[in-house]
2 protein chains.
Amino acid sequence: MSFPDVLKQDAALVQARLNVALANHDDVPVVQAMRYALQGGKRLRAFLVLESARLHGLAPEQAVAAAAAVEALHAYSLVHDDLPCMDDDDLRRGLPTVHVKWDEATAVLTGDALQTLAFELLCDPALGPADRRLALVAGLAKASGAEGMVLGQALDIAAETAPAPLTLPEITRLQAGKTGALICFSAEAGAILAGADPAPLRAYATALGLAFQIADDILDVEGSEATTGKRVGKDAEAGKATFVSLLGLEGAKSRAQALIDEAAAALLPYGDRASALIEAARFVISRQS
Amino acid sequence: MSFPDVLKQDAALVQARLNVALANHDDVPVVQAMRYALQGGKRLRAFLVLESARLHGLAPEQAVAAAAAVEALHAYSLVHDDLPCMDDDDLRRGLPTVHVKWDEATAVLTGDALQTLAFELLCDPALGPADRRLALVAGLAKASGAEGMVLGQALDIAAETAPAPLTLPEITRLQAGKTGALICFSAEAGAILAGADPAPLRAYATALGLAFQIADDILDVEGSEATTGKRVGKDAEAGKATFVSLLGLEGAKSRAQALIDEAAAALLPYGDRASALIEAARFVISRQS
C-alpha cells in the first residue's frame with residue numbers, strides 16, 4: 001500500500017475511535033465544537049503512533065486509542081492557539097476556527113475538554129497492561145505541559161513582543177516544544193505500548209519534528225491559503241524570526257532535507273520494516289498543506 | 001487534632017508536593033503564573049483525598065500526589081473560569097486573577113499547563129500499583145471533561161443568555177458538573193488508591209458537593225468581598241438563578257443542612273473513623289470564604 005493510502009486508512013480508523021469517544025456525550029455546543037475541531041487534518045501524528053505500533057508487531061486495534069489521544073491533544077492545542085489572545089487565526093483546515101464559528105468561551109472550553117479527552121483515551125483497556133498505559137499518560141503529559149507544548153507556545157507569544165527577533169537556538173527550542181514534543185511522543189508511543197526501547201524512534205522523531213516545522217515555515221512563504229487551508233505569509237508580515245528568515249529559503253530547504261536523512265538513518269536498526277516511516281518523513285517536507 | 005488544624009496540615013503537605021512538581025521548570029511567565037494560581041485556597045479537595053486515604057489505612061505520602069493533582073485541576077478550572085470571555089472575574093482568593101496580573105494568553109496557557117500537571121502528578125509511583133494510578137487518571141478525566149466540569153461551566157455560560165432562569169433540576173445538573181464532579185472524585189480517590197469500594201464516599205461527596213454549592217450561593221448573598229476574597233453579589237446582579245433565588249435564603253440553608261445530614265449518614269459504615277470527614281461537611285456550610 002502507498003504511503004498516502006496508509007495515511008488515509010489510519011485517519012479513518014482514528015476518526016472512528018474519536019467518534020465512539022464522543023458518541024454518548026450530551027449534545028451541548030462544546031461537544032459539537034469538539035467534533036468539529038477533531039475533523040480533518042493530515043493525521044500525521046496518528047499515523048506515527050499506529051506505524052510505530054506496527055513496527056513492534058502490534059495490530060492497529062491495540063494502538064488506535066493512543067493515536068486518537070494524540071490527535072485530541074493536537075486539536076486542543078490548535079483551538080487554543082487560534083484564540084484572539086494567542087495567534088488570532090480565523091481559518092484552520094479551510095474552515096472557520098472554533099471561536100469564530102462559536103465564541104471564545106466555547107473555544108476555551110472545547111480545548112480544555114479535548115485535552116481531558118486525550119488522557120481519557122489513554123485509559124482504554126485495549127491498549128494493554130496498566131503500566132504501559134500509565135507510561136503513555138506520563139509521556140503525553142510531558143509532551144503537553146509547561147516543559148513541552150505550553151512552553152513552546154509561551155515562548156512563541158513572548159517572541160512577538162521581544163526587542164529582537166529570536167536566534168536559531170532560541171527558535172529551535174521554541175519549536176522543540178511547540179511541535180516537536182508531540183511528534184516525538186507519537187513516534188515513541190508504539191514502542192512504549194510494546195514494552196520496547198523507544199530510543200531509535202525518539203531520534204527519528206526529533207529530526208522529523210524539526211524538519212516538519214522548517215517545512216511549515218517554507219509553506220508560510222511559498223504556499224497559498226487555498227492549499228494550506230490557513231492564512232499564509234503571517235510570520236513575515238509580523239516580522240517574526242522563522243527558519244526561513246534565519247537560514248534563507250534555500251538554506252531552510254537543505255537543512256530540512258538533511259534532517260530527513262538523519263531521521264531515516266536513526267531507523268536503520270529496523271531495516272525494511274521502517275520504510276513507511278521513512279516515506280512519511282519525505283512526505284513531511286514535500287507536503288503542500 | 002481539630003479539623004481546621006488537619007486542614008492546615010494537609011494544605012502544607014500538598015503545597016510542598018506542588019512546589020516539588022514545579023521546581024525544575026523553566027522560569028517563564030507561564031510557570032510563575034502556575035505557582036501563583038496554585039497558592040492559597042482552602043484545599044478542601046486535597047483534604048478529601050488525604051482523609052479518604054487515611055480512612056483506608058494509607059499514609060499521607062501514599063496519597064499526596066493525588067491530592068496535589070486534584071488541586072492543580074481545580075486551580076486550572078478557576079484560572080479559565082475567571083477569563084474575560086467566561087465569568088470575567090478580577091479577584092480570586094483576595095488577589096488579582098491571572099489574566100489581570102499577566103494577560104489573557106498567559107492565563108489560557110497557565111490553565112492548560114495546570115490541567116496537564118494534574119495528570120502528570122497521578123503518574124507518581126508513590127501512589128502505588130499502576131492499575132490504581134490509571135483508575136485515578138480515568139476518574140479525574142471523567143470529573144474534568146465534557147461530562148463533568150467542562151459540561152457544568154458550559155451550561156453556566158449558556159444560562160447567561162437563556163430566555164428564562166434555570167429551574168432547580170437544571171441548576172442541580174449544572175452544579176453536579178461544575179463543582180460536584182471534582183469533589184466527588186476527591187473523596188473517592190482514597191478508596192481507589194486502597195483498592196476499596198468507593199460507593200459510600202461517592203454518596204457522601206455527592207451530597208457534600210451540592211451542599212458546598214448551595215453554601216456558595218448563600219455566601220454570594222450574605223458574604224463580603226473581604227472575607228470571601230472574591231466579588232460577591234454577582235449572581236443576583238446578573239439575574240442568574242441560584243439555589244437562593246430558587247429556594248429562598250432560609251430554604252437554601254435548610255436544604256444544605258439536610259444534605260450534610262445525608263452526607264454524614266452515608267459514612268455510617270466507617271463508624272468513628274469518619275469523624276473528620278463529617279466535620280468537614282459541617283465546615284462546608286458554616287464557612288465564610
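Let me begin with a zero: between chain B and chain A, the count of salt bridges is zero. Keep in mind that this is a predicted model.

So what does sit between the two chains? Eight residue pairs are in polar contact across the interface of chain B and chain A, both partners at pLDDT 80 or more.

Which helices of chain B supply at least two residues each to the side that touches chain A? There are helix 2 (29-37), helix 4 (64-81), helix 6 (104-121), helix 7 (130-144) and helix 8 (149-160). Helix 6 of chain B gives the largest share, ten residues. By class, that side of chain B has 25 nonpolar residues, seven polar and eight charged.

Now the size. The size of an interface is often given as the accessible area lost when the parts come together. Here, about 3300 Å² is buried between chain B and chain A. Carbon and sulfur atoms give 76% of that area. On the chain B side, Leu109(B), Thr116(B) and Leu134(B) lose the most area to chain A. Together they make up 17% of what that side buries. In residue terms, 40 residues of chain B are in contact with 40 residues of chain A.

Next, helix 7 of chain B. Leu134(B) is one of its buried residues. Others on that list include Arg133(B), Val137(B), Gly139(B) and Leu140(B). What do the buried residues of this helix pack against? From chain A, they meet helix 6 (104-121) and helix 7 (130-144). From chain B, they meet helix 4, helix 6, helix 8 and helix 9 (168-194). At 1.5 Å a residue, the 15 residues of helix 7 of chain B should span 21 Å. The end C-alpha atoms are 21 Å apart, which agrees.

Over to chain A, and helix 4, residues 64-81. Run the length check again. Its 18 residues should span 26 Å at 1.5 Å a residue, and the end C-alpha atoms are 26 Å apart, so the two agree. How many of its residues are buried? 18 of the 18, so helix 4 of chain A is largely enclosed by the rest of the structure.

Now some single residues. Take His25(B), in the loop between helix 1 (3-22) and helix 2 of chain B. Buried or exposed? His25(B) has a relative accessible area of 10%, and the cut-off for buried is under 20%, so it counts as buried. Its side chain reaches the backbone oxygen of Ala21(B) at 3.4 Å. Leaving out residues up to four places away in sequence, His25(B) touches Ala146(A), Glu147(A) and Val31(B).

Two residues have a positive phi without being glycine. In chain A, Arg93(A) has a phi of about 50°. Arg93(A) is in the loop between strand 1 (91-92) and strand 2 (95-96) of chain A. At 29% relative accessibility, Arg93(A) is partly exposed. In chain B, Asp88(B) has a phi near 55°. Asp88(B) lies in the loop between helix 4 and strand 1 (91-92) of chain B. Asp88(B) is partly exposed as well, with a relative accessible area of 39%.

Last stop, Gln257(A). This one is in helix 14 of chain A, residues 249-266. Gln257(A) is partly exposed, at 38% relative accessible area. Ser286(A) is 29 residues away along the chain, and the C-alpha atoms of the pair are separated by 9.9 Å.

Terms used:
Residues are numbered from 1 along each chain as its sequence is written. Chains are lettered from A and ligands numbered from 1 in the order in which they are written. This is a predicted model: local features need pLDDT of at least 70, side-chain atom pairs count only at pLDDT 80 or more; totals for chains, interfaces and linings use all residues. Side-chain values use heavy atoms; hydrogens and water are left out. Contact means heavy atoms within 4.5 Å. Buried area is the accessible area (1.4 Å probe) that two parts lose on being put together, summed over both. A salt bridge is a side-chain nitrogen of Lys or Arg within 4 Å of a carboxyl oxygen of Asp or Glu. A polar contact is a pair of N or O atoms within 3.5 Å; within protein, one must be able to donate a hydrogen and the other to accept it, and residues adjacent in sequence count only if both atoms are side-chain atoms. Helices (H or I, at least four residues) and strands (E, at least two) are DSSP runs, numbered from the N terminus. Ala, Val, Leu, Ile, Met, Phe, Trp, Tyr, Cys and Pro count as nonpolar, Asp, Glu, Lys and Arg as charged, and the others, Gly among them, as polar. Buried means under 20% relative accessible area, exposed over 50%, partly exposed in between (1.4 Å probe, protein chains only). The expected span of a helix is 1.5 Å times one less than its number of residues.
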